[in-house]
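The following paragraphs go through a helix contact and then a set of paired strands. Please keep the sequence and the structure in view while reading.

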Amino acid sequence: MTQPDTVLPGRPETRSSGGLRIEGLDVSYGRVHVLQDVSFEMGSEPVGMVGRNGMGKTTLVKAIAGFLPSSGTIEFEGKSIQGRQPYQITRAGIGYVPQGRRIFPSLTVHEHLTMVGAKKTDRWNVSSVYDLFPRLAERKRNGGGDLSGGEQQMLAIARALLTNPRLVVMDEPSEGLAPAVVDHVSQVLRSVVAEGQSVLLIEQNLRFATELCDRILVMVNGRIAADLPSQVIANDPEVQARYLGVV
Amino acid sequence: MDQFLLVALNGLTLGSIYFLVASGLTLIFGLMRVITMAHGTSYLLGGYIGYSIARASGNWLLGALGAAVAVGLLGLFIHQVLIRRFQDDDLRVALITLGVSLIGTDLMFAAFGGTATQVPIPAEWQTALTLPSGDRYPAIRLIILVLAVVIGVVMWLVINRTRAGSIVRAGVDDSAMTSATGVNVRVVFAVVFVVGSALAAFAGVVGGSLFPLLPGQDGTYLLFSLVVVIVGGMGSIPGAAIGAALVGLVSQFGLVFAPTYATVLTFALMVFVLAFRPQGILGRAV
């Protein structure tokens, strides 16, 4: 099916210690607990999180990105980011690609990229993200609202990379995209991961997740139900059926 | 002088003042969607402060700058202390700023009295210029017209052509996502509020140089700037310019041709525009 280990050799062996640590995280909407006592840790390896709709995946990343109030521990590189504002979390080194892209309709493609304020000397600056997504360079002057879903997704990823994050949190980047576009985005992301970029990927598309990540967390009813190497889940229909209802 | 030309120029210069007041409101209310009822207070207070400074120092420009800075600081206080926590609750923000304006009205009445005052202008502005048509027209009015155009162009360029402008527009589109790009949106909105208040104060000094400053103008200018922003389209600088010119022209021509209905005509203009373009002339459909 996939060769997840093809991304391994390019990645440096020693990556930052610390990474993301979540412990006893609770998130509730009013009286409804969406997340209960979620705990996991990740270093700098690319981690995927899968699970059916409504299992709390988006809620988890929103809590990490500071979009939702939560209680419990969220630490990044040893520092607590729980309860912080989104901009503080971004400045702490976490880039966020939200569900639904959340492109700014009033801004052109180019303005999306320049507003982040990356320096020319940074790994990711306006010209290097144009190299990564040449399509965006072609659409430079177009308004955010005039883009196709795939272009919007590329723009959302580019916008997050421009903050030069040490961890990128992505929420369903394949959602609503044509298969060819999903393949393209997946290929670009693999090249970024191969460079050593740490990623936490939320996905419904299991193949997309296992192609990019070595390690897969499965979320069921607001809890992490399984933590598996991606080869295992990619090649085991029984595991897939149990956690994802995919046969 | 041809009456039509004279009335048109008067309408445009009045529109210039409306534009200066409304340009601040289009940032605060049109872009950020913060309903401020204290905008007219910023106008009148700015006028009075400018009057005091210009009279004491003999320097009009110092008065204008001093008024903008002082009222900008007041705007910072209103935004940070009074309304920031309720920014998403329109009704509360409207009530709080209404309270500010009511208190402001009485305090200004106590401090500056009920008699008309006018900001002293430099002697060299108190002259008339010869228009290309051969007519003579007051220099101060033409200076105000030019000033409004310059400020409008600069504001448009800042909002549409700079990184700071991109950040403001992004913040208006989706403030949480803007924050996630590493921008402290609260600071951005505070700055916009301060700039909007300072512009109103500056407009007060300009308006107070042309017309007398009087109690009650805080309400009048709040109302007219709301009409301008609504007619022109929320958040659009060119829209505010068109709206201000229209409101200025309609009220001046109304005064000449149908004096009884001059005020009504201004609101008829708003009704007319809203009937055909509910989002305003240059507003984006919501």
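In chain B, the axes of helix α2 (residues 39-57) and helix α4 (residues 90-112) come within 10 Å and cross at roughly 20°. Axes here are lines fitted to C-alpha atoms, for helices over the stretch in contact, with angles from 0 to 180 degrees between N-to-C directions. Because of that angle, α2(B) is roughly parallel to α4(B) (the term covers angles under 35 degrees). The two contact each other through Gly40(B), Thr41(B), Leu44(B), Leu45(B) and Tyr48(B) on α2(B) and Val100(B), Ser101(B), Gly104(B), Met108(B) and Phe112(B) on α4(B); contact requires C-beta atoms, placed from the backbone, within 7 Å.

This is a predicted model, in which local features need pLDDT of at least 70 and side-chain atom pairs count only at pLDDT 80 or more, while totals for chains, interfaces and linings use all residues. Residues are numbered from 1 along each chain as its sequence is written, and chains are lettered from A and ligands numbered from 1 in the order in which they are written.

Strand β1 (residues 20-29) and strand β4 (residues 71-76) of chain A are antiparallel partners over 5 bridges; pairing takes at least two DSSP bridges between strands. Helices (H or I, at least four residues) and strands (E, at least two) are DSSP runs, numbered from the N terminus. Glu23(A) lies opposite Thr73(A) in β4(A).

β4(A) also pairs with strand β5 (residues 79-80) of chain A, in the antiparallel sense over 2 bridges. Here Glu75(A) has Ser80(A) in β5(A) as its bridge partner. The two strands β4(A) and β5(A) form a hairpin with 2 residues between them, and Glu77(A) in the turn has a positive phi of about 50°.

Conventions. Angles under 35 degrees count as roughly parallel, over 145 as roughly antiparallel, 65 to 115 as roughly perpendicular and the rest as oblique.
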